[in-house]
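Thanks for asking me to look this one over with you. Please open the structure beside this note and follow along as you read.

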Amino acid sequence: MERYDVVIVGGGVIGSAIAYFLAKLGRKALILERERMASQASGAAAGMLGAQIEMGLDTGPLFQLARFSRSLFPELSTELRELSGVDIGLTQKGTLRTVYRDTEVAHFQDMIKRQHEAGEKAEWLTAGELAAREPNLREGAYGAVYIPQDGHVVAPELTKAFALSAVRLGAEIREFVEVSSLMLKDYQVQGVLTSAGPISCNHVILCAGAWSGRLAAQLGFNLGVYPVKGECFSVVSARPLLTSTVFSDDCYIVPKPGLRTIIGATVKPGSFNRQVTLAGIDQLLQSAKQVLPSIVDAEWEKAWAGIRPQTADGLPYLGAHPDWQGLTFATGHYRNGILLSPATGMMIADVVNGVATTGVDIHPFAPNRTVQV
Ligand SMILES: Cc1cc2nc3c(=O)[nH]c(=O)nc-3n(C[C@H](O)[C@H](O)[C@H](O)COP(=O)(O)OP(=O)(O)OC[C@H]3O[C@@H](n4cnc5c(N)ncnc54)[C@H](O)[C@@H]3O)c2cc1C
C-alpha cells in the first residue's frame with residue numbers, strides 16, 4: 001500500500017495552504033481532490049480580504065485570526081510568485097461601506113470607534129469626500145466607512161499559487177480521487193480509502209469544505225458544517241468603475257485587474273446546488289445599480305455559484321480530533337476562507353508538527369467546542 005506522512009482531503013484554498021505551510025516545514029503531504037483543484041468554493045470567491053469589513057462590531061477570536069491572516073498576504077504574495085510564477089493579484093486599495101440611510105450613521109461610526117480601540121485603521125468619509133474618491137457612486141450617501149487595509153486577491157490564482165508552490169517544495173496532488181472513508185484502528189488514523197485504492201498515512205487533514213461533515217459523520221462526529229450557496233457575476237468596462245471595493249446593504253462590488261468587476265453575492269443556506277438562477281443575478285444587479293448606476297453600461301462577462309462551508313456559531317473548525325490520533329480538521333471558513341487561508345495553513349501545519357509558532361490562540365476554534373448559538 002502507498003504510504004505518505006500527511007494526506008489532505010480537499011484541494012481548495014484551505015487544503016492547498018496547509019500543504020504549502022507543511023512543505024515549508026519539510027513535511028510531505030498528498031492532496032486528494034475529487035474534482036479539479038479549486039473547482040468548488042475556492043474558485044468561486046470574490047477574493048476579498050475583509051478582515052475588518054466582514055467582522056463589523058465583532059472583535060472576538062475570528063477578528064484576531066482574520067487580521068493576523070491579512071497581515072501575511074504582502075510577504076506571501078512575493079514568496080508564492082517566486083516559487084510558482086503565479087501572481088495572486090494582491091490589491092491594497094481599501095474597502096468602503098457606503099451609508100445611504102441616516103439611521104445607520106451612528107452604527108457605522110460606532111464600528112469605526114471599535115476598530116480604533118482594536119488598533120486598526122478606519123475612517124469616516126463625508127458625502128463630499130466619498131464622491132471625490134469614487135465619482136461613479138450614486139449621489140445621496142450620508143458618507144462611508146473607509147477601511148484602507150482590507151484589500152483583495154484573485155481567488156482561483158491564490159489556490160493555484162499555494163498548490164504549485166507546495167508541489168515545488170515536495171508536496172503531491174492527485175485530482176479526480178475521492179476519499180470515501182478513513183482507516184482507523186485503536187484510536188489512531190491509519191490512512192484513507194479512496195476511489196483509487198487505500199493510502200496509508202500518519203495524519204489526515206479534513207478540509208473538504210461544505211462536504212467535510214459527511215466524512216466526519218463516519219466517525220460519529222457531528223462537525224456541524226453546512227452549505228451556503230452564493231452566486232456572483234462579473235462585467236468588463238471600458239474604464240475603471242471603482243478604485244476601492246464597495247460594500248452596500250445587499251451586495252459588494254470588487255474592482256479586479258483588467259477592468260473586470262465582480263458583483264456578489266447571494267446567500268442561500270442549505271443548498272449544494274450550483275446552478276446560477278436568474279432570480280439570484282437579478283437581485284445582485286438591482287442592488288448593484290442602487291450603488292453604482294453606470295454598471296448597466298458595462299459588458300456582461302459571466303456568472304457562477306459556489307458553496308460556502310458554514311458552522312453553527314460562525315467560527316471555523318481548526319485543530320485535532322479530541323479522541324482520534326492523527327486526525328485534524330480545517331473547515332467551516334464560510335465567507336472568509338480566502339482571507340483566512342494563510343493563517344489556517346500555518347496553524348494547521350503547526351498542529352501536525354506539534355509546535356505553535358503564530359501566537360494566535362487556536363482553542364476558540366476547537367472542533368469539539370461547545371457550540372453556543
Ligand atoms: C460566491 C462566493 C464568494 C466568496 N467570496 C469570498 C471572499 O471574497 N473572500 C473570502 O475570504 N472568502 C470568500 N468566499 C468563501 C471562500 O470561497 C471559502 O470559505 C473557501 O473557498 C473555502 O475553502 P475550502 O478549501 O474549505 O473549500 P472548497 O474550496 O469548497 O474546497 C473543498 C474541496 O474538497 C473537495 N472534496 C470534497 N469532498 C471530497 C472527498 N470526499 N474527497 C476528495 N475531495 C473532496 C471538493 O471537491 C472541493 O474542491 C466566497 C465563497 C463564495 C461561494
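The points below go through the pockets and the ligand.

1. A word before we start: this is a predicted model. Please keep that in mind as you read on.

2. Let's begin with the largest pocket, which holds about 860 Å³ of space. Its lining has 50 residues, and Ala 41, Ser 42, Gly 209, Ile 307 and Pro 309 lie nearest the centre. Strand β15 (residues 299-310) supplies the largest share of this lining, with four residues. Sorted by class, the lining has 25 nonpolar, 16 polar and nine charged residues.

3. Where does the ligand sit? You will find the ligand in the largest pocket. There are 37 residues around the ligand, and those that come nearest are Glu 33, Ser 42, Met 48, Tyr 334 and Arg 335. By class, this shell divides into 19 nonpolar, twelve polar and six charged residues.

4. Now zoom in on the oxygen atoms of the ligand. A polar side-chain atom of Ser 42 lies 2.5 Å from one oxygen atom of the ligand. From the backbone, an N or O atom of Ala 41 is 3.1 Å from a ligand oxygen, and a polar atom of Leu 339 is 2.9 Å from a ligand oxygen. The ligand taken alone exposes 1000 Å², and the protein buries 99% of that.

5. Finally, have a look at the second largest pocket, with about 240 Å³ of space. Its lining has 16 residues, and Arg 97, Phe 247, Ser 248, Asp 249 and Arg 335 are the closest to its centre. This lining divides into eight nonpolar, three polar and five charged residues.

Notes. Residues numbered from 1 in each chain as written. Predicted model: local features only at pLDDT ≥ 70, side-chain atom pairs only at ≥ 80, totals over all residues. Heavy atoms only, no water. 1 Å grid on protein atoms, 1.4 Å probe; cavity = no way out; pocket = protein on both sides within 12 Å on 5 of 7 lines; lining within 4 Å. Points joined across faces, edges and corners; volume = space filled by probe spheres on them. Helix = DSSP H or I, 4+ residues; strand = E, 2+ residues; numbered from the N terminus. Nonpolar A, V, L, I, M, F, W, Y, C, P; charged D, E, K, R; others polar. Near = heavy atom within 4 Å. Polar contact = N/O pair within 3.5 Å; in protein donor to acceptor, adjacent residues only side chain to side chain. Areas by Shrake-Rupley, 256 points an atom, 1.4 Å probe, with all protein chains shown as cover. Sits in = over half its atoms within 2 Å of the grid points.
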